[in-house]
Amino acid sequence: MLYVKKLASLYPLLLIPLLYASTAVALPEERSLNDLFSPLIPSKFHAIASTQNPSRYPHYTTQDSGKWVYIDADTWTTGFFPGTLYLLAERTKLCKGAGKGEWDQEHWLDLGRSWSTGMLKLTQGNKAQHDQGFLSYPFVEELKVNPRNETAIKAVNDFAAILAARFSPLVGTTRSWDHDIYGPNDWPVIIDNMMNFELLFISSGLTNNPTLKSIARAHADTTIKNQFREDGSTWQVVTYNDATGDVIRKYTKQGYDNSSTWARGQAWAIHGYADMYKLTGDDDYLQTARRSAEYFLSHTPSNNIVPWDFNSPEDLADTSAASVAAAGLLILAKVEKNLRNRAKWTRSAINLLKGTIDFAWAPTWDSILSNATSHHPNNNQRTGLVYGDYYFVQAANELVKQGLASC
Ligand SMILES: *[C@@H]1O[C@H](CO)[C@@H](O)[C@H](O)[C@H]1NC(C)=O
Ligand SMILES: *[C@@H]1O[C@H](CO)[C@@H](O)[C@H](O)[C@H]1NC(C)=O
Ligand SMILES: *[C@@H]1O[C@H](CO)[C@@H](O)[C@H](O)[C@H]1NC(C)=O
């Protein structure tokens with residue numbers, strides 16, 4: 001045990017292979033996993049957060065030099081950058097060693113708060129449509145630190161109300177998009193929408209309004225019925241008729257073609273249903289998270305480089321899909337009842353993170369990772385993505401919280 005401890009302090013993540021492998025694992029191979037807690041991560045976020053104007057938010061990077069491209073607050077991705085600053089505040093408490101970086105928790109909280117301020121106006125209405133959960137991230141994190149912050153409470157409740165107002169009891173879902181309308185009764189729902197429901201549970205807890213939870217459950221149930229194929233894969237978009245609730249069409253917007261499986265969509269399904277099971281204990285959600293994960297993992301190549309679309313012949317990766325899936329798998333592992341499954345989800349998450357680091361660690365870029373694909377073929381590929389970085393940091397923190405890594 002002493003031997004393990006000593007090695008573990010030199011190579012913190014060695015503990016992980018020891019838990020899952022019966023034979024010794026070669027050290028050099030595992031060392032890249034230490035980059036999960038590289039001091040470069042806080043350094044990069046500090047450099048941007050302390051020099052840029054917090055009214056324009058990092059979104060994606062340029063392809064060649066990895067410089068952030070900034071967007072206005074009223075965009076669905078705005079919460080990820082301040083959200084990451086809060087995750088780095090959490091990391092200062094989780095990490096004892098170099099991984100926590102040179103700044104303390106208060107410093108990160110100051111940055112997280114100042115970068116959230118520009119988002120407050122969005123609580124009065126915004127263009128993010130279903131993505132209110134993503135917008136709420138920094139305010140949800142603020143409540144973990146200070147549950148009595150009235151500004152954050154109000155922001156969370158306002159975002160939840162905006163999402164809840166998009167619910168149709170007839171269709172049984174919230175409406176994802178106001179665009180992509182082909183006919184007068186179109187009601188488009190995308191698999192990404194499953195990521196936004198923890199917000200409704202949190203707001204339900206703050207307001208004692210049970211309707212918010214029912215909306216989340218109805219949407220999750222309707223999506224299980226219509227958005228999954230037999231093999232556990234997903235369509236990105238299902239359009240319903242808002243007058244009858246019937247399915248009109250199923251297709252893709254960001255993937256390769258209408259019958260293919262867009263990898264980030266499948267990752268949203270893993271994370272979203274793992275969240276739903278965590279929040280409700282409902283077995284249907286556990287089964288759905290498992291099916292989503294099985295499909296994702298059985299279609300990811302052994303080098304753990306996740307393609308942009310599982311059915312595309314192109315050699316194009318999406319590291320944001322890998323990060324979202326790894327973070328989702330770790331949540332699933334935490335709540336999974338079956339111990340063999342639990343070990344599988346944990347091991348797979350670690351493999352995805354390791355594969356992603358080996359492939360796309362980008363020391364000279366503003367972002368942590370390269371090789372993410374936002375939209376293809378719309379010339380938005382092979383970049384950093386602010387949400388790819390966010391879930392990468394979330395996954396690494398989760399490993400520490402579950403006692404699977406130290407940093
Ligand atoms: C409360 O939260 C808001 C929004 O996250 C933040 O701007 C503000 O600084 C926080 N207030 C305190 C006293 O920490
Ligand atoms: C995919 O589905 C959409 C929506 O039904 C349709 O507009 C588009 O033509 C389809 N694409 C192909 C290649 O069939
Ligand atoms: C990863 O990014 C590099 C640099 O842009 C690029 O040359 C390479 O083709 C990308 N690989 C994949 C699989 O996307």
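Predicted model: local features only at pLDDT ≥ 70, side-chain atom pairs only at ≥ 80, totals over all residues.
The shell around ligand 1 holds one nonpolar, three polar and two charged residues.

Which residues surround ligand 1? They are R113, T117, F139, E142, N149 and T151. Sort them by class. F139 is nonpolar. R113 and E142 are charged. T117, N149 and T151 are polar.

Now look at the contacts. The side chain of N149 places a polar atom 2.3 Å from an oxygen atom of ligand 1. R113 also reaches ligand 1: a side-chain N or O atom of R113 is 3.2 Å from an oxygen atom of the ligand. How much of ligand 1 does the protein bury? On its own, ligand 1 exposes 370 Å², and the protein buries 67% of that. Two elements each give two or more residues to this shell: α6 (105–117) and α7 (132–145).

Next, move to ligand 3. The residues around ligand 3 are D315, L316, A317, F359, N371 and R382. By class, this shell has three nonpolar residues, one polar residue and two charged residues. L316, A317 and F359 are nonpolar. N371 is polar. D315 and R382 are charged.

Where does the protein meet the oxygen atoms of ligand 3? N371 uses its side chain: an N or O atom there is 2.5 Å from an oxygen atom of the ligand. A317 uses its backbone, with an N or O atom 3.1 Å from an oxygen atom of ligand 3. Taken alone, ligand 3 exposes 360 Å². The protein buries 59% of that area.

Definitions and conventions: Residues numbered from 1 in each chain as written. Chains lettered and ligands numbered in written order. Heavy atoms only, no water. Near = heavy atom within 4 Å. Polar contact = N/O pair within 3.5 Å; in protein donor to acceptor, adjacent residues only side chain to side chain. Areas by Shrake-Rupley, 256 points an atom, 1.4 Å probe, with all protein chains shown as cover. Helix = DSSP H or I, 4+ residues; strand = E, 2+ residues; numbered from the N terminus.
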